[in-house]
Amino acid sequence: MNSDQVATALDGAVAYVSQGLGSGIGWGCYSDWGVTAVFGEDSGLVAVAIDAMDGPLVRLRDVELIARVPSEVRSDIHDLARREGALVRVNWSGDPEVEAWGVSMGTALELGSSPEGYMQRQDTMITGALFVGPELAADPYGAEPVIRWWDVRDRQPNAGTWPVKAEQERQRWDWTPLESIGPLRFGMSPSQVAAALNEEPAARHGRYPYGEPWEGPGEWILHDDRFDTAGVTAHYSCGRGHPPVLGAVTVHGRTGPQVEFDGIRLIGWPVSAVDAALTRYIEDREVGLVIGCGGDLGPDGLNMYVRATRAGDTAVSEARFCSAEWEDHG
């Protein structure tokens, strides 16, 4: 099917977010249906992603795949695979993937309605899925053109386990808004960050310049360093003639140090509980609420955002602490 045929099949749906749609390789997100369609070189449909929250329910034989508890779906997929002699492997996100069926499972944080009627984050993960044709089934997320829609090559692969460090095992870090978090002060160089943590990064992510004049010559630009022992990721800002300096720190929810804000524990707790505590704080003091990417919450003016990270079937809180100049984009 081409993009016009896909739109017709979806009752005239419009792709409100798209790239290259109708011009060959591209993709379109039909948000009213909770469906993303990915097209190959001949504008033919090669992959369909079903959103965990908004997508249609999809059944494989007798297994319901969408909007369910991830561990339950994993168990059902393994049972079906044993009956049919299919091989189940683990994909980049730690979820089941079956080449014989062209399916790669995934998850998303569940959202619900508050008593006031607005959307709020829950503490549970639910399943979504990517379906591909046989030509992409060997490596659905690693194949063109899927990586043009969602490139996961820089994501930390998960083996299918999500251990969460106990509260008593976590360090305690102080936070001075817009200035520092734990031993890390905004403006540090990457080598100073590593020295302060007494740890070399487990992974480094960056890119080469896009050719814009302000980025200068084609030297590799460092974006972030991940420190697994400390349980944090350091994010750097840089520009033409300016080496990378620390602009933000994400404290990992499963493994990072505990950080408190006005008595609210921000790390490793149920997301809904931290959101509720922050909302009470904001209402009691009549300060503003900032909502970042993915529904991340933070008090206005502090450049701190509470995020959600997966812990198996559930989610726990983590947080990103930013300098005054840092603009958080996810």
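Me: What are the ground rules for numbering and confidence?
Reply: Residues are numbered from 1 along each chain as its sequence is written, and side-chain values use heavy atoms, with hydrogens and water left out. The model is predicted, so local features need pLDDT of at least 70 and side-chain atom pairs count only at pLDDT 80 or more, while totals for chains, interfaces and linings use all residues.

Me: What makes strand 8 and strand 9 a pair?
Reply: Strands are DSSP runs of E, at least two residues, and helices are runs of H or I, at least four, both numbered from the N terminus. Two strands pair if DSSP finds at least two bridges between them. Strand 8 (residues 96–98) and strand 9 (residues 103–113) have 2 bridges, in the antiparallel sense. Glu 97 stands opposite Ser 104 in strand 9.

Me: How many bridges join strand 9 to strand 10?
Reply: 10 bridges, with strand 10 covering residues 119–132 and the two running antiparallel. Gly 106 has Gly 128 in strand 10 as its bridge partner. This too is a hairpin, with 5 residues between the strands. Gly 117 in the turn has a positive phi of about 100°.

Me: Why do strand 11 and strand 20 count as edges?
Reply: The open sheet has 3 strands in the order 11-19-20, with mixed pairing. Strand 11 (172–173) and strand 20 (264–265) each have a single partner strand, so one side of each lacks a neighbour in the sheet. Strand 11 runs parallel to strand 19 (residues 258–261), joined by 2 bridges. Trp 173 has Val 259 as its bridge partner there.

Me: Why is the pair of Trp 92 and Tyr 141 called edge-to-face?
Reply: Rings of Phe, Tyr and Trp (its six-membered ring) pair if their centres lie within 6.5 Å; planes under 30 degrees apart are stacked, over 60 edge-to-face, the rest tilted. The structure holds 7 aromatic pairs. For Trp 92 and Tyr 141 the centres are 5.8 Å apart and the planes at 70°, so the pair is edge-to-face. Ring pairs also link Trp 92, Tyr 141, Trp 149 and Trp 150 into a cluster.

Me: How do you know whether Trp 92 and Tyr 141 are buried or partly exposed?
Reply: Buried means under 20% relative accessible area, exposed over 50%, partly exposed in between (1.4 Å probe, protein chains only). Trp 92 is at 22%, so it counts as partly exposed. Tyr 141 is at 8%, so it is buried.
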